[in-house]
Amino acid sequence: MKLKIFGQAVSLKKEKGLANNKGLSGYYCPKDKVIVIDADARGDEFMLIKIHEVFHAMFDRIGLAQTGISRDVQEILAESVATVIVENFDLKPKRRKN
Ligand SMILES: [Zn+2]
């Protein structure tokens, strides 16, 4: 699946055992422009992880990640925005033809 972050293509992949093997529910790789999410994540959990990682991709795309802003602040921003969106909006994945 391809996402678009301010016009830039970012791949979304699922990885089996990511949480068990690496202790991560998801991550964004700025070098490869890919978001990887644990394959067992479902529903609101999946959406929370996806939005969180999309924010990391957006921070990379808009240059915020390159400003020297601390990793902690980036995590707080990504997690709090993702949480408030999932808490308040009924989200369905956008169907996109690739
Ligand atoms: Zn994060």
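Mentor: Before we start: two residues are in contact here if their C-beta atoms, placed from the backbone, lie within 7 Å. And keep in mind that this is a predicted model.

Trainee: Got it. Which residues in α2 meet which ones in α3?

Mentor: From α2 you have Asp-44, Met-47, Leu-48, Ile-51, His-52, Phe-55, His-56 and Phe-59. Facing them in α3 are Gln-74, Leu-77, Ala-78, Glu-79, Val-81, Ala-82, Thr-83, Ile-85 and Val-86.

Trainee: How does that contact split by class?

Mentor: The contact of α2 with α3 has 11 nonpolar residues, plus four polar and two charged ones.

Trainee: And how do the axes of the two helices cross?

Mentor: Helix α2 spans residues 43-62 and helix α3 residues 71-88; their axes come within 8 Å and cross at roughly 140°. So α2 is oblique to α3, as angles have to be over 145 degrees to count as roughly antiparallel.

Trainee: Left-handed or right-handed crossing?

Mentor: Right-handed, for α2 and α3.

Trainee: Okay, zooming out. What order do the elements of the chain run in?

Mentor: From the N terminus, β-β-α-β-β-α-α. That's three helices and four strands in the protein chain.

Trainee: What about the radius of gyration of the chain?

Mentor: The protein chain has 13 Å, which agrees with the value near 13 Å that a compact globule of 98 residues would have. Its C-alpha atoms fill a box of roughly 35 × 30 × 30 Å along the principal axes.

Trainee: What share of the residues is buried?

Mentor: Buried residues make up 21% of the 98.

Trainee: And contacts between residues 24 or more positions apart, what share do they take?

Mentor: They account for 48% of the chain's contacts with a separation of 6 or more.

Terms used. Residues are numbered from 1 along each chain as its sequence is written. This is a predicted model: local features need pLDDT of at least 70, side-chain atom pairs count only at pLDDT 80 or more; totals for chains, interfaces and linings use all residues. Axes are lines fitted to C-alpha atoms, for helices over the stretch in contact, and angles run from 0 to 180 degrees between N-to-C directions. Angles under 35 degrees count as roughly parallel, over 145 as roughly antiparallel, 65 to 115 as roughly perpendicular and the rest as oblique. A crossing is left-handed if the near helix is turned anticlockwise from the far one by less than a right angle, and right-handed if clockwise. Ala, Val, Leu, Ile, Met, Phe, Trp, Tyr, Cys and Pro count as nonpolar, Asp, Glu, Lys and Arg as charged, and the others, Gly among them, as polar. The radius of gyration is taken over C-alpha atoms; the globule rule is 2.2 Å times the number of residues to the power 0.38. A residue is buried if 20 or more other C-beta atoms lie within 10 Å of its own, exposed if 12 or fewer, and partly exposed in between; C-beta atoms are placed from the backbone.
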